[in-house]
Amino acid sequence: MESFTPATNTQPKSCIIIGGGICGLIAGTVLQRHGIHVTIVDKGRGIGGRLATRRISHPLYGEGVCDYGAQFFTVSDPRFQLWVDEWLQQGVIGEWSRQFTETEQPAYRGLKSNRSIAQHLAKDLTVHTQTQVVELAWEAASWRVRAENGTEFQGDTAIVTAPIPQTLTLFDRSAINLSSELRHRLEAMIYQPCIAVLALLDRPSSIPEPGGLRLKDPSLAWIACNQKKGISPQATAITLHATPEFSQTHWELDHSEIATKLLDLAAPWLGATVVEDQVQRWLYSQPQTCYGASFIALPQPGLLAIAGDAFASTYPPEPSLHLETAVLSGLAAANYLLNKTGVLTH
């Protein structure tokens, strides 16, 4: 998949990656394929970041499966297409529909769930979930990472893929200084919030095939039937995404109020009774601005890269391309570290 040739180098190398979303997983996979020992640390309960899936159960109506983060993704860059083709051949993903974008590009999704894409990438990596990083320090020629639970990790190099506000907070705690210009650029980055509702129905939904609808509603942006999507065979589970405006305005409401408001708006498409529901708040759902480059390199005091879906030369024209942006950022950050450490030669 890579067009690089490993150089002869017997010196052990390792990398600590903070953030287990698609960006960190892609970077980790590339590094490990070139002999770098990778450790990924993520604060979430499950790997994958916004490649998020959850199960909802009811004693009478069974267990539903909901993709509640990224719903699907599209491809525009041949570098990402190589990965997508590999995943298609391996049966990790499949085409969901061509109805979700104006250009009728294939919209892909995980065959089992979207989190299954992340699980596929993580299967050969060392991953620690439910591990909140609170400090990052350069000590004795390596990066030392300390987690809230007291666990410590080490890497010769590091990649930070958390949303930029969280990255800046970590750097402040760790006394990692950035130039005033870089700090200003990063602080100017804006993310859109998104509130998601996951619900289990007592019978099949009225959401038309193929099971997903983009809405032009000021409050409700997206509605999906995960059963028609093909990942929830035993029960009818739906996912709602609020608009950024609704999410911002109603962020502080309790779960029941949010669920009631959004489910009432979705009622014309449900055609069924909601028997269970949950609410998920995504504070950094998607960047509204982009940095202008695919990653940031900080060569001092030790090799470190900052990457993620906010790092691109131009803002993606289609929301479903944000996952591709994160992938390309992870590739760029990994290749930067490999070249700087002498593992790769062009």
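Visitor: What is the bridge partner of Ser14 in β3?
Guide: Ser14 is bridged to His37 in β3. This is a predicted model, in which local features need pLDDT of at least 70 and side-chain atom pairs count only at pLDDT 80 or more, while totals for chains, interfaces and linings use all residues. Residues are numbered from 1 along each chain as its sequence is written, and side-chain values use heavy atoms, with hydrogens and water left out.

Visitor: How do you know that β2 and β3 pair?
Guide: Two strands pair if DSSP finds at least two bridges between them. Strand β2 (residues 14–18) is joined to β3 by 5 bridges, so under that rule the two count as paired, and they run parallel. Strands here are DSSP runs of E with at least two residues, helices are runs of H or I with at least four, and both are numbered from the N terminus.

Visitor: Which strand pairs with β3 over 3 bridges?
Guide: That is strand β8 (residues 126–128), again in the parallel sense. Here the bridge partner of Val41 is His128.

Visitor: What makes β3 largely enclosed?
Guide: Buried means under 20% relative accessible area, exposed means over 50%, and partly exposed lies in between (1.4 Å probe, protein chains only). In strand β3 (residues 37–41), 4 of the 5 residues are buried, so the rest of the structure largely encloses this strand.

Visitor: Is Arg45 buried or exposed?
Guide: Arg45 has a relative accessible area of 75%, so it is called exposed. You will find Arg45 in the loop between β3 and β4 (53–58). Contact means heavy atoms within 4.5 Å; leaving aside neighbours within four places in sequence, Arg45 is in contact with Thr129 and Gln130.

Visitor: Which residues touch the most other members of the largest nonpolar core?
Guide: They are Ile22, Leu31, Phe73, Phe80, Trp87 and Ile159, in a core of 45 residues. Helix α9 gives the most to this core, with 11 residues. A nonpolar core is a set of buried Ala, Val, Leu, Ile, Met, Phe, Trp, Tyr and Cys residues joined through side-chain atoms within 4.5 Å. Beyond the residues up to four places away in sequence, Ile22 touches several others, including Trp87, Leu121 and Leu323.

Visitor: How do you know that the span of α9 is close to the one expected?
Guide: The expected span is 1.5 Å times one less than the number of residues. For α9, with 19 residues, that comes to 27 Å, and the reach from its first C-alpha to its last is 27 Å too. Because 17 of the 19 residues of α9 are buried, the helix is largely enclosed by the rest of the structure. Just after α9, Gly342 takes a positive phi of about 80°.

Visitor: In what order do the 5 strands of the open sheet come?
Guide: The order is β14-β15-β16-β13-β17, with antiparallel pairing. Why do β14 and β17 stand at the edges? Each has a single partner strand, so one side of each is left without a neighbour in the sheet. Strand β13 (residues 191–201) meets β17 over 10 bridges, and one of the bridged pairs is Leu198 with Gln278.

Visitor: Which helix lies across β13, β14, β15, β16 and β17?
Guide: Helix α8 (residues 255–270) does, running at about 105° to β17. Such angles run from 0 to 180 degrees between N-to-C directions, using lines fitted to C-alpha atoms, for helices over the stretch in contact.
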